Each structure stands twice: as C-alpha cells, then as structure tokens.
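Take a look at the structure below.

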Amino acid sequence: MIKLAPSILSADFSRLGEEINVVEKAGAHYLHIDVMDGDFVPNISIGVPVIKDIRKVTDMTFDVHLMINNPERYFEAFAEAGADIINFHVEASQDIETSLRKIKVLNKRAALTIKPQTDVEQVIPYLESLDMVLIMSVEPGFGGQEIIIDTLKKAERLADYISNHNLLTEIEMDGGITLQNVNQVLSSGVNVIVAGSSVFNTTDVSASVRDFYDEFKKFGDN
Ligand code: DX5
Ligand code: ZN
C-alpha cells in the first residue's frame with residue numbers, strides 16, 4: 001500500500017493542530033515530523049515538546065525524521081513524546097547497530113535515512129532490522145527544494161534487493177515531490193511519499209492530500 005506522509009515543516013505553525021486534523025481527515029497515513037539541530041543541517045526546526053503536544057490531537061503514525069548529530073541521545077525522549085517511527089541518518093550516527101537495537105527496545109519502528117550523496121549500499125547490511133529506509137531526494141535542511149532525480153536509482157536498487165530477499169521494508173522518499181513527479185517516484189519502487197510544500201503550501205490542503213491519493217490509485221494502488 002502506498003502512503004502519503006505530509007511534512008509539517010511547511011505547515012502553518014500558528015495553527016498546527018488544525019493543519020494536522022485536515023491531513024488526517026483527508027486520509028494521509030503518516031505524519032512526517034522534521035527535527036533539525038542547526039548542526040547536522042544548517043537549520044533548526046522543532047523538537048520533543050511540540051511532538052508531545054501534537055500527539056494529543058491525532059492518532060496518525062508519527063514518522064519522526066531526526067536530522068541531528070548523535071541521534072541516539074534522544075531516542076528515548078522522542079519515543080516518550082509519541083514517535084512511532086524513529087528515522088535517523090547513517091551520516092549522523094556513531095554506531096548504527098546499537099542505535100537500531102535501542103529503538104527496538106523502546107518498541108518503536110526503526111528507519112535509516114541517507115542523504116542524496118550517500119551510497120544506498122550503506123543501508124543494505126541493516127535491512128533485516130529496518131522497518132523503513134528513507135532516501136533523501138534533496139539535501140536535508142529545507143522544504144521547497146527541487147527533487148534530485150538521480151536519487152530514484154537508489155530506490156530502484158533498494159526495491160530490487162527488498163523483493164529478492166522477501167523483505168517487507170518500506171521505501172520512503174523525501175524532498176521535492178509534487179503531483180507532477182510523484183508517478184515517476186512511485187515507478188522507482190518508493191511506497192511512502194513525503195510531501196511538505198506540495199501539501200501545505202497550497203490553497204486547499206485537504207484537496208492536495210486527496211490529489212496525491214488519486215495519483216496513487218492511477219499508479220495501481222487500491
Ligand atoms: C527537508 C525535510 C523534508 C521537507 C520536504 O530536510 O526532510 O521533509 O519538509 O519538503 P518538500 O516536500 O517541500 O520538499
Ligand atoms: Zn523529512
């Protein structure tokens with residue numbers, strides 16, 4: 001099943017709860033939450049207290065994308081705040097195996113993320129312990145950038161590997177995805193679509209979510 005994960009980075013933070021309710025009612029499955037530390041990426045966004053508060057307004061699956069150095073320091077805090085999927089970068093972690101074990105002990109879903117320049121082979125050794133792999137299709141740090149189409153090759157390689165080894169790992173892509181290019185993204189084997197500006201920076205957020213699901217249906221998802 002193909003899922004949409006609206007990224008709240010592009011939401012109106014003065015009415016965050018309402019924005020979340022709109023995407024939930026429109027049928028989005030995951031809520032993508034971008035956490036930035038101003039160190040791993042050149043930007044600062046939101047953290048634990050915000051996640052704790054928005055946990056009260058929705059039952060959506062919280063897909064927490066940690067763009068922070070040494071992310072393992074904060075796994076417990078994010079788990080307690082209400083994260084369902086803990087997504088951290090291979091480039092930011094000192095010890096990926098121990099980190100993944102830590103997430104499992106917390107009873108959360110584990111996902112590994114790679115930046116556009118990082119080889120997809122780096123996640124292959126961990127696939128058996130991963131619920132999801134997130135392939136960044138823009139340099140992390142900001143919403144509203146243009147997709148780097150070359151990153152789709154990584155999704156193709158990963159999708160082949162996952163199907164050849166009968167794994168159930170989801171493949172998520174994040175950055176620059178629009179209604180115009182989502183079909184191409186899905187064709188590469190991606191099944192979780194992150195969309196920030198193309199959901200929240202529109203005149204009708206609910207219609208934008210529904211338009212994405214229409215595209216999924218056209219692609220052959222039911
Ligand atoms: C960027 C974030 C993305 C961002 C995507 O570092 O990880 O999740 O919100 O925004 P769009 O969809 O506008 O590229
Ligand atoms: Zn993200």
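Start with the place that holds the ligand. Ligand 1 sits in the largest pocket. Keep in mind that this is a predicted model.

How much space lies in the largest pocket? The answer is about 250 Å³. The lining of this pocket is made of 25 residues. Closest to its centre are Phe-142, Gly-143, Gly-144, Asp-174 and Gly-175. Some elements give two or more residues to this lining: E2, E3, E8 and helix H7, which spans 197-200. Sort the lining residues by type and you get ten nonpolar, 13 polar and two charged.

Why look for space with a probe? Rolling a probe the size of a water molecule over the atoms shows where empty space is left.

Now turn to the ligand itself. Around ligand 1 there are 20 residues. Those that come nearest are Ser-7, Gly-141, Asp-174, Gly-176 and Ser-197. By type, the shell around ligand 1 divides into eight nonpolar, ten polar and two charged residues.

Which strands each supply at least two residues of this shell? They are E2 (30-36), E3 (61-67) and E8 (192-195). Strand E2 gives the largest share, with three residues.

Next, zoom in on single atoms. Ser-197 has an N or O atom in its side chain that is 2.5 Å from an oxygen atom of ligand 1. Gly-176 uses its backbone instead: an N or O atom there lies 2.8 Å from a ligand oxygen. His-65 brings a polar side-chain atom to 3.3 Å from an oxygen atom of ligand 1.

Last, consider the cover. On its own, ligand 1 has 380 Å² of accessible area. The protein covers 99% of that area.

Terms used
Residues are numbered from 1 along each chain as its sequence is written. Chains are lettered from A and ligands numbered from 1 in the order in which they are written. This is a predicted model: local features need pLDDT of at least 70, side-chain atom pairs count only at pLDDT 80 or more; totals for chains, interfaces and linings use all residues. Side-chain values use heavy atoms; hydrogens and water are left out. A residue is near a molecule or strand if one of its heavy atoms lies within 4 Å of it. A polar contact is a pair of N or O atoms within 3.5 Å; within protein, one must be able to donate a hydrogen and the other to accept it, and residues adjacent in sequence count only if both atoms are side-chain atoms. Accessible areas come from the Shrake-Rupley method with a 1.4 Å probe; for residues, only the protein chains shown count as cover. On a 1 Å grid over the protein atoms alone, a cavity is a set of points where a 1.4 Å probe fits but cannot get out, and a pocket is an open set with protein on both sides within 12 Å along at least five of seven lines; lining residues have an atom within 4 Å of a point. A molecule sits in a cavity or pocket if more than half of its atoms lie within 2 Å of its grid points. Helices (H or I, at least four residues) and strands (E, at least two) are DSSP runs, numbered from the N terminus. Ala, Val, Leu, Ile, Met, Phe, Trp, Tyr, Cys and Pro count as nonpolar, Asp, Glu, Lys and Arg as charged, and the others, Gly among them, as polar. Grid points are joined across faces, edges and corners, and a volume is the space filled by probe spheres set on the points.
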